[in-house]
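Please open the model in your viewer and keep the sequence panel beside it. The tour below says what to select at each stop and what is found there.

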Amino acid sequence: HVMVITDIDDKIIQRSLEQNISPTVLARMHEEEFKRDMQALRVLPPAVYMRVTDNIPQIVAFIKRIIGNGHAYVTSQGNVYFDTQSIGNRYGKLVNLGGIVGELGAQDKRDPRDFALWKASKPHEPHWESPWGQGRPGWHIECSTIASSVFGSQLDIHSGGIDLAFPHHENEIAQSEAYHQCEQWGNYFLHSGHLHLKGSVEKMSKSLKNYVTIKDFLKSFTANEFRLFCLLTRYRSAIDYSDASMNEAQSTLSTISAFCHNAQAYMQGHLQCQPTEEGILWERLSATQSSVRKALADDFDTPKTVDAIMSLIHHGNCQLQPATKVDGPRSPAVFGAMLSYVREIMGEVHDSSGVLNNVVEELVHFRSKVRKFALSVEDQAPQDPHTGSEIQKRHPQPDRVPLLKDCDSLRNNLAPLGVHIKDRGTNSTWEITRRGETRKD
């Protein structure tokens, strides 16, 4: 996975002139801010970031070969344009061009659809040397050059926003196939929908000043909640951002997390339930696996995928009801399989680290042992003379009451920190939620 960092273009140059700073400094500032935001959202980075300005010699060589193959021309003003007429009806693979025209503002092109591979330098603009004079790369050529330098003559998946389908990706296809002299450069183009503030037709962007900063967003929601918010809509569709939609994602994630913790507790023997209808759960798991495969094969239909997972969790929760008296066999294997599958599809569903989980597990285990000791009866309980069954004492021994109170205080003090403990008889289960989240147990 390679991500191209555009650190030189018309917008960067214009903004740098307005702010009276170097285009390089401005680009680096935004690059670092972007990387910090992605890290805060826990988005895995690409295998490598590649900046345009670090690949100028490769771009110049790429343009020279396109010219040599007869698909570009140099103008008297020192600009180099791609010749769309040279590829005939091959131009327009992604979109129906109809009445769409190409880039505006240039007067030395042969065809309005022709696009710049190299732009002659203007006063006060950054520039590099080339066989056609001083200038800088056009916007589209950078991605084709860098992708070709890493992946060769064929690219498997190219991604980007839906607004990049034309002209950016269309032009990338044209110039890459002209360079490689191939029939198909990119196998798949994944175009994602835009993020909108609910009620707005415009996409959320810094230039329109209609956005929420990642820092402010993470004060109210977690990265995983945002990830699930995205999964609840098809990737090609626009998403309306609102507190209501985020609360839906938050609730869904909480349900998944609670099931995972309860299933884990059941497998470990900490959660006692009546005998489960194991055969039904195995059938539901198999049906879910089939539904998920079908949904993901249908252009990554993540909403249907999440629906299938939530249906499986619902059936699991119906049979994970705690019981004080258990009579019959247990079914840890099916819950282990369900838990493993949910984690496989949804990934890690909580925001805590593995180390923290282990610490909490040990803490809760120790607390359960203390509670069990405090609730235990030293002497044998008296028997009912009519039935012969033992009569349970209603109150713990007086000298052990402080231990129970301390256990309750620990549970109550951990709740605001996001560690929620549920006492089930002498056993306890736990889960970690977003810090400060209130729960009704």
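Rings of Phe, Tyr and Trp (its six-membered ring) are taken as a pair if their centres lie within 6.5 Å, and a pair is called stacked if its planes are under 30 degrees apart, edge-to-face if they are over 60, and tilted otherwise. With that in mind, select Phe217, Phe221, Phe226, Phe229 and Tyr241, which ring pairs link into a cluster. This is a predicted model, in which local features need pLDDT of at least 70 and side-chain atom pairs count only at pLDDT 80 or more, whereas totals for chains, interfaces and linings use all residues. Residues are numbered from 1 along each chain as its sequence is written, and side-chain values use heavy atoms, with hydrogens and water left out.

Across the whole structure, a search finds 11 aromatic pairs. Select next Phe62 and Tyr179, a stacked pair with 3.8 Å from centre to centre and 10° between the planes. This pair links distant parts of the chain, since Phe62 belongs to helix H3 (residues 56-68) and Tyr179 to helix H5 (residues 165-180), 117 residues apart; helices here are DSSP runs of H or I with at least four residues, strands are runs of E with at least two, and both are numbered from the N terminus. Both Phe62 and Tyr179 are buried, that is, under 20% relative accessible area, where exposed means over 50% and partly exposed lies in between (1.4 Å probe, protein chains only).

Now show H3 and H5 as a whole: they pack at an angle of about 75°, with their axes 8 Å apart. The axes are lines fitted to C-alpha atoms, for helices over the stretch in contact, and angles run from 0 to 180 degrees between N-to-C directions. Where the helices meet, Phe62, Arg65 and Ile66 in H3 are in contact with Gln175, Ser176 and Tyr179 in H5, contact meaning heavy atoms within 4.5 Å.

From Tyr179, move to Gly70, which is 109 residues away in sequence and 9.7 Å away in space, C-alpha to C-alpha. Gly70 lies in the loop between H3 and strand E3 (72-74), and it counts as partly exposed because its relative accessibility is 44%.

Which residues does Thr75 contact, leaving aside its neighbours within four places in sequence? Select Tyr81 and Asp108, which are in contact with Thr75. Thr75 itself is in the loop between E3 and strand E4 (80-82), and at 11% relative accessibility it counts as buried.
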